[in-house]
Amino acid sequence: MSEGTSDMVELTLRETQAKTSARLEWTLVGLGILALLVAPFLVYPIFLMKMLCFALFACAFNLLLGYTGLLSFGHATFFGGAAYFTAHAVKVWGWPPEAGILLGVAGAALLGLVMGFFAIRRQGIYFAMITLALSQMFFFFCVQSPFTEGEDGIQGVPRGMLVGVLDLNRSLNMYYFVLAVFLIGVFAIWRIVNSPFGMILRSIRENENRAISLGYSVANYKLGAFVMSAALAGLAGSLKAIVFQFATLTDVTWQMSGEVILMTLLGGIGTMVGPIIGASLVIGLENTLATSGFPVSIATGLIFMVCVLIFRRGIVGEFYARLLKRVGKD
Amino acid sequence: MAPTDLDKNEPRVVLSARGLRRDFAGFVAVKSVDLDVSHGNIHALIGPNGAGKTTVFNLLTKFLAPTSGRIELLGHDITRTSPARVARMGLVRSFQISAIFPHLSVLDNVRVALQRPSGLAVQFWRSLAALDRLTPRAEELLRSVGLDDARNRLAGDLSYGRKRVLEIATTLALDPKVLLLDEPMAGMGHEDVATVSDLIRSVAKDRAVLMVEHNLTVVADLCDWITVMQRGEVLAAGDYATVSRDERVKVAYMGTADE
């Protein structure tokens, strides 16, 4: 009898918490979109576009780390690789930007399939090491291969006309295109997480052996998530190549793989908004410090340490936890 | 891929192992085990700690690969088949530590099991509402095990006994031909034991059940056939009366009586 009553209390509490976080999330999403729509009139658009590209990259990474439980140390391969493919297709073959971006996404997905195929059967640190090793191999391929134009990178990529009508050389056009692609990308991730497939990913993360004993070939599901994450990271990289009109070795280095981990952890893994906040902070900080002469990597390193020591759930994760605790008390 | 015409001419022995052996770096955990599990039977695997019962379970469900030997499920050789595939063929297991998805609701635990057979497992482009059509069947399963009042609770918040009941409900969602239960009564109170015993008895009517169990009262009451293991080998097999009279079994159990 008393157990039944406490059940009821617990149940309504959880419902309240779920409702609160859902309401909060939608409010944040609404405000966020509104802010992004007016932002180019207040902030330098090229900075905003850089932020959006990295935010999408971090969200794609979070699909794997936060929702599948796999820590990849090779995501620069997809981000930087897609940038190269897009830049090459648009500059050398003269493809329109949308086709170049699609090629970049497809290429990143293919790279993801190969890397995932080799890494997916290993767990934890071994998984991370295999992805790191393969991304280093890809890095050296990019250093050696003539199509990447070596140390110079592919420069002077024309932005071109989107589907032949919208001139992307105009800053605002470019910005709203980037914003649209960003929103579509984040929506796709949200959809994947909250889909029947996402449910299986969740169950695998919760209890892998049980999922196997229910007949799920977990390696295939993980590989699916890996390829989707790679493709979306590629989308971010392709977009960046069009925005900045170049693709360089920087985007395929292991430091770039590390940076996206930092952004995601800082914002809060396993939350939709966290990686966006994390990426914005890191990019904002880099932009601010770039003129001050203070070494950026020391600043981000310090922030990372503070994050791990004090708010391990990340900014957004910690915020949610506090909020839910307060709702619980009321 | 699971054959559906089997019901007509169900073979009596649905799962059989011959000469099953598994070495772990020089240590032989299981050596030469022969085992036959029959349709409609509740078959117990008993023995002192370290006898290799759980290893046999892991071998039969392919979570471990046998060093040598042969396993057949419903007439198919599954010695080299993957565990997920074996599960899809109708051999579903439980684990010693209750195997549930703790942060999913009770209802979602069952729906996850129903997703695969209904082709709803890979659809990454649809909303979760697509799973609503599995809800009636999931609720029916929960009702049949008496968990319908807890459908919206988190599975991790259930009492120990009810977690095991949920696990069985989830397993039944796959309508398995052979059910392997690893210590289903471990750590349960008296009432829960009675509930789960009744549940196992009712589900065994049209499938085979193989269970590892330490509670000999439960085994005596529930099981049609008993295989006693010791040090990786089958010591004796038969019904409870036969096995409990066996001198070697008595010695084996006396020897571990102080544990």
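Axes are here lines fitted to C-alpha atoms, for helices over the stretch in contact, and the angles between them run from 0 to 180 degrees between N-to-C directions. Taken in that sense, the axes of helix 10 (residues 254-267) of chain A and helix 11 (residues 274-292) of chain A come within 7 Å and cross at roughly 120 degrees, which makes helix 10 of chain A oblique to helix 11 of chain A. The model is a predicted one.

**Helix packing in chain A**

The crossing of helix 10 and helix 11 of chain A is right-handed. On the side of helix 10 of chain A, the contact is made by A:E259, A:L262, A:M263, A:T264, A:L266 and A:G267, and these meet A:G274, A:P275, A:I276, A:I277, A:G278, A:A279, A:L281 and A:V282 of helix 11 of chain A. By class, nine residues of this contact are nonpolar, four are polar and one is charged.

Another pair in chain A is formed by helix 2 (residues 45-65) and helix 6 (residues 171-193), which pack at an angle of about 15 degrees with their axes 10 Å apart. Helix 2 of chain A and helix 6 of chain A are therefore roughly parallel to each other, and helix 2 of chain A passes helix 6 of chain A in a left-handed crossing. Helix 2 of chain A contributes A:P45, A:L48, A:M49, A:L52, A:A55, A:L56, A:C59, A:A60 and A:L63 to the contact, while the residues from helix 6 of chain A include A:Y175, A:F182, A:G185 and A:I192. The residues of this contact divide into 18 nonpolar, two polar and no charged.

**Helix packing in chain B**

In chain B, the axes of helix 3 (residues 106-115) and helix 5 (residues 160-172) come within 8 Å and cross at roughly 30 degrees; helix 3 of chain B and helix 5 of chain B are therefore roughly parallel to each other. Helix 3 of chain B passes helix 5 of chain B in a right-handed crossing. The contact joins B:V106, B:N109, B:V110 and B:A113 of helix 3 of chain B to B:L166, B:A169 and B:T170 of helix 5 of chain B, and its residues divide into five nonpolar, two polar and no charged.

| Helix pair | Angle | Axes |
|---|---|---|
| Helix 2 and helix 6 of chain A | about 15 degrees | 10 Å apart |
| Helix 10 and helix 11 of chain A | roughly 120 degrees | within 7 Å |
| Helix 3 and helix 5 of chain B | roughly 30 degrees | within 8 Å |

**Sheets and domains of chain B**

An open sheet of six strands in chain B has the order 6-7-8-3-9-10, with mixed pairing. Its edge strands are strand 6 (91-93) and strand 10 (233-238) of chain B, each of which pairs on one side only, and the twist averages 20 degrees from one strand to the next. Strand 6 of chain B pairs with strand 7 (residues 178-182) of chain B in the parallel sense over three bridges, and B:V92 stands opposite B:L179 in strand 7 of chain B.

Four strands of chain B form an open sheet in the order 2-1-4-5, in which the pairing is antiparallel. Strand 2 (27-38) and strand 5 (76-77) of chain B stand at the edges, each with a single partner strand, so one side of each is left without a neighbour in the sheet. Two bridges join strand 4 (residues 68-73) of chain B to strand 5 of chain B, which run antiparallel; in strand 5 of chain B, the bridge partner of B:L73 is B:H76. Helix 1 (residues 53-60) of chain B packs on this sheet, where it touches strand 1 (13-24), strand 2 and strand 4 of chain B, and the direction of the helix makes about 115 degrees with that of strand 1 of chain B.

The domain assignment of chain B gives domain 1 (12-100 + 178-255) and domain 2 (102-157), and the C-alpha centres of domain 1 and domain 2 of chain B lie 28 Å apart.

**The contact between the chains**

In the model, 23 residues of chain A are in contact with 32 residues of chain B. Helix 1 (2-38), helix 6, helix 7 (196-206) and helix 8 (208-213) of chain A each supply at least two residues of the side of chain A that touches chain B, and the largest share, eight residues, comes from helix 7 of chain A. By class, the residues on this side of chain A divide into nine nonpolar, nine polar and five charged.

Technical notes. Residues are numbered from 1 along each chain as its sequence is written. Chains are lettered from A and ligands numbered from 1 in the order in which they are written. This is a predicted model: local features need pLDDT of at least 70, side-chain atom pairs count only at pLDDT 80 or more; totals for chains, interfaces and linings use all residues. Angles under 35 degrees count as roughly parallel, over 145 as roughly antiparallel, 65 to 115 as roughly perpendicular and the rest as oblique. A crossing is left-handed if the near helix is turned anticlockwise from the far one by less than a right angle, and right-handed if clockwise. Two residues are in contact if their C-beta atoms, placed from the backbone, lie within 7 Å. Ala, Val, Leu, Ile, Met, Phe, Trp, Tyr, Cys and Pro count as nonpolar, Asp, Glu, Lys and Arg as charged, and the others, Gly among them, as polar. Two strands pair if DSSP finds at least two bridges between them. Domain bounds come from an automatic or database domain assignment.
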